[in-house]
Amino acid sequence: MVAKEKLTIGFVAKPGGTLNYHTGGWRTFKAVIDPEKCIGCKRCADSCPDGAPFECAHDGKKKKFCVDYDYCKGCGICAFECPVDAIDMVKEEK
Amino acid sequence: MAGKMAVLEGSMAVAEAAKACRPAVVSAYPITPQTHIVEDISQMIADGDLQNCEYVRTESEFSAASMIQGAEAVGARSFSATSSQGAVLMYEVLFAIAGLRLPCVIAMANRAISAPLSIWNDHQDAISARDNGWIQLWAEDSQEAADMIVQAYKIGEDRRILLPVMVNLDGFLITHTFEPVELFDQKMVDEFLPPYAPLNVLDPKNPITMGLVAPPEVYTEARYMVHHAQIRAKEVIEEVALDFKKKFGRYQGGLVESYRMDGAEVALVAMGSIIGTIKDAVDEMRAAGMPVGVVKVRSFRPFPVEALRDALKGVKAVCVVDRDISMGMEGALFTDLKAGLYAKSNADMLGFIAGLGGRDLTIEDFKTMANKGFAKIKGEKVSEMEWYDLDVNILPEGI
């Protein structure tokens with residue numbers, strides 16, 4: 001995403017600029033992972049178009065997954081893919 | 001210093017010109033009537049006549065266009081050629097190439113578009129691609145098509161421009177016709193066209209992103225930048241044509257070429273190979289004392305508004321021949337020319353949709369069109385937009 005600043009020929013920029021653009025603001029539903037049900041299979045992270053789920057610890061146990069809400073657009077693909085139904089799409093009141 | 005002359009098929013002349021520009025990547029998908037161009041180039045590579053060049057075979061024109069886009073993005077000079085349906089399949093990528101400011105060059109062997117299926121010549125393939133940011137040059141004959149290829153790289157790669165260039169040559173009428181062509185001396189081309197020096201290069205050691213997402217705050221500016229480069233290209237196209245003349249001794253016009261326009265009351269305006277036929281028609285009419293001339297449009301994008309106003313100054317009637325049709329309106333060249341002359345000229349404007357799908361246009365046809373211009377000047381009733389040679393007898397009932 002190009003910021004409103006001096007532009008370049010061909011819209012060339014340093015890589016990784018997308019990180020600065022928090023698409024989480026687009027969502028209506030947010031993905032909420034239940035750490036009790038999560039088996040740490042990583043399928044949510046692999047299927048997420050934005051790489052929002054990341055590995056985190058819960059109750060001292062590793063290999064659980066959490067969601068980075070800066071980037072979760074609320075598409076629901078992870079909830080559909082989760083093999084143990086650990087992910088709920090929860091309407092977000094703003 | 002004249003080069004060696006040879007009788008070549010137009011496609012081979014273009015292939016020879018592309019070879020002389022030392023492309024590093026050539027990628028294309030075969031389509032009539034373009035195929036000979038890239039066939040000839042692949043043969044040159046196989047024979048070792050074109051060194052340090054990779055020929056990439058693709059499964060479609062979409063991929064071929066993507067291939068040259070990628071090649072230019074990593075800093076390699078590229079070449080491709082296409083036609084008709086193949087060009088249409090390239091459209092999406094053509095927009096991207098222009099937006100990324102990659103100075104690719106493709107030869108467009110102009111052909112009609114399906115449906116109904118036609119392999120024969122008209123200009124619809126390129127005309128329907130006129131708004132994608134590519135510079136469009138239009139050749140009259142094999143020599144000009146070949147010369148335009150060399151000029152195209154010089155124009156497109158100019159740091160003031162950085163735009164892709166489409167060199168248009170009429171399918172079959174130029175691509176498959178054998179004409180005497182002056183061959184390029186490699187040393188002279190090397191002097192004229194230095195190696196490609198890209199502005200930005202994709203390189204894993206120094207990563208960059210090209211063509212980022214543009215939110216509404218900057219998209220307008222992005223489009224303006226391409227338009228601005230197009231406008232600037234008017235100057236560079238003229239400049240390069242003159243440089244080329246100095247180096248190679250040949251000049252076929254800059255943005256436009258006027259022929260026998262001194263004192264002309266009627267002017268025929270057109271693009272492509274029909275210009276040669278129109279010149280013959282003009283010669284015959286001039287010999288009979290009729291003040292008529294022809295203006296060849298060499299650059300359709302950028303559209304040379306000022307040069308055309310100048311070339312058509314004092315003319316009483318302008319007859320525009322379009323081998324294309326913008327459905328629901330009129331020929332594209334006719335529309336643009338009228339817009340360009342608006343409030344600047346009192347000339348009557350007549351538009352002819354002619355020569356679609358390979359229908360022959362002869363000297364007599366252009367005399368007929370010019371005579372309609374003279375009739376209009378005399379105040380006779382003449383249709384302002386005519387489907388020339390339309391056979392109403394074969395149209396279905398009720399149309």
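**Group meeting: a predicted two-chain model**

Let me start with one strand pair in chain B: strand S6 (residues 135–138) and S12(B) run antiparallel and are joined by two bridges. Helices (H or I, at least four residues) and strands (E, at least two) are DSSP runs, numbered from the N terminus, and two strands pair if DSSP finds at least two bridges between them. In this pair, Leu137(B) sits opposite Ser299(B) of S12(B).

Before going on, the conventions. The model is predicted, so local features need pLDDT of at least 70 and side-chain atom pairs count only at pLDDT 80 or more, while totals for chains, interfaces and linings use all residues. Residues are numbered from 1 along each chain as its sequence is written, chains are lettered from A and ligands numbered from 1 in the order in which they are written, and side-chain values use heavy atoms, with hydrogens and water left out.

Back to chain B. S6 and S12 belong to an open sheet of seven strands with mixed pairing, in the order S3-S2-S4-S5-S7-S6-S12. Which strands stand at the edges? They are strand S3 (54–57) and strand S12 (299–301) of chain B; each has a single partner strand, so one side of each has no neighbour in the sheet. On average, neighbouring strands of this sheet are turned by 20° against each other, direction ignored. Angles here run from 0 to 180 degrees between N-to-C directions, and axes are lines fitted to C-alpha atoms, for helices over the stretch in contact.

Helix H6 (residues 142–157) of chain B lies across strand S4 (78–82), strand S5 (105–110), S6 and strand S7 (165–170), and runs at about 170° to S7(B). Contact, here and below, means heavy atoms within 4.5 Å.

Chain B also has an open sheet of six strands, again with mixed pairing, in the order S9-S11-S10-S13-S14-S15. Its edge strands are strand S9 (256–259) and strand S15 (385–387), each pairing on one side only. Within this sheet, strand S10 (residues 266–270) and strand S13 (residues 317–322) of chain B are parallel and share four bridges. Val266(B) has Ala317(B) opposite it in S13(B). Helix H9 (residues 274–287) of chain B lies across S9, S10, strand S11 (292–297) and S13, at about 165° to S11(B).

Next, salt bridges, meaning a side-chain nitrogen of Lys or Arg within 4 Å of a carboxyl oxygen of Asp or Glu. Over all chains, the whole structure has 33 salt bridges. One of them joins the side chains of Asp190(B) and Arg22(B), at 2.8 Å, N to O. Asp190(B) is in helix H7 (residues 186–192) and Arg22(B) in the loop between helix H1 (10–20) and strand S2 (25–28) of chain B, so this pair ties together parts 168 residues apart in sequence.

Now the interface. How many residues does the contact take from each chain? Chain A gives 14 residues and chain B gives 20 residues. The two chains bury about 1400 Å² between them, 72% of it on carbon and sulfur atoms; buried area is the accessible area (1.4 Å probe) that two parts lose on being put together, summed over both. Between chain A and chain B the count of salt bridges is zero.

Chain A has a hairpin. Strand S2 (residues 53–58) and strand S3 (residues 61–67) of chain A are antiparallel, with five bridges, and Glu55(A) has Phe65(A) as its bridge partner in S3(A). Two residues lie between the strands of this hairpin, where Asp59(A) has a positive phi near 50°.

Last, some backbone exceptions. Most residues other than glycine have a negative phi, and most peptide bonds are trans. Phe11(A), in the segment before strand S1 (29–33) of chain A, has a positive phi near 50°. The peptide bond from Ser114(B) to Ala115(B) is cis, with omega near 0°; Ala115(B) is in the loop between S5 and helix H5 (124–127) of chain B. Arg301(B) and Pro302(B) are also joined by a cis peptide bond, with omega about 0°.
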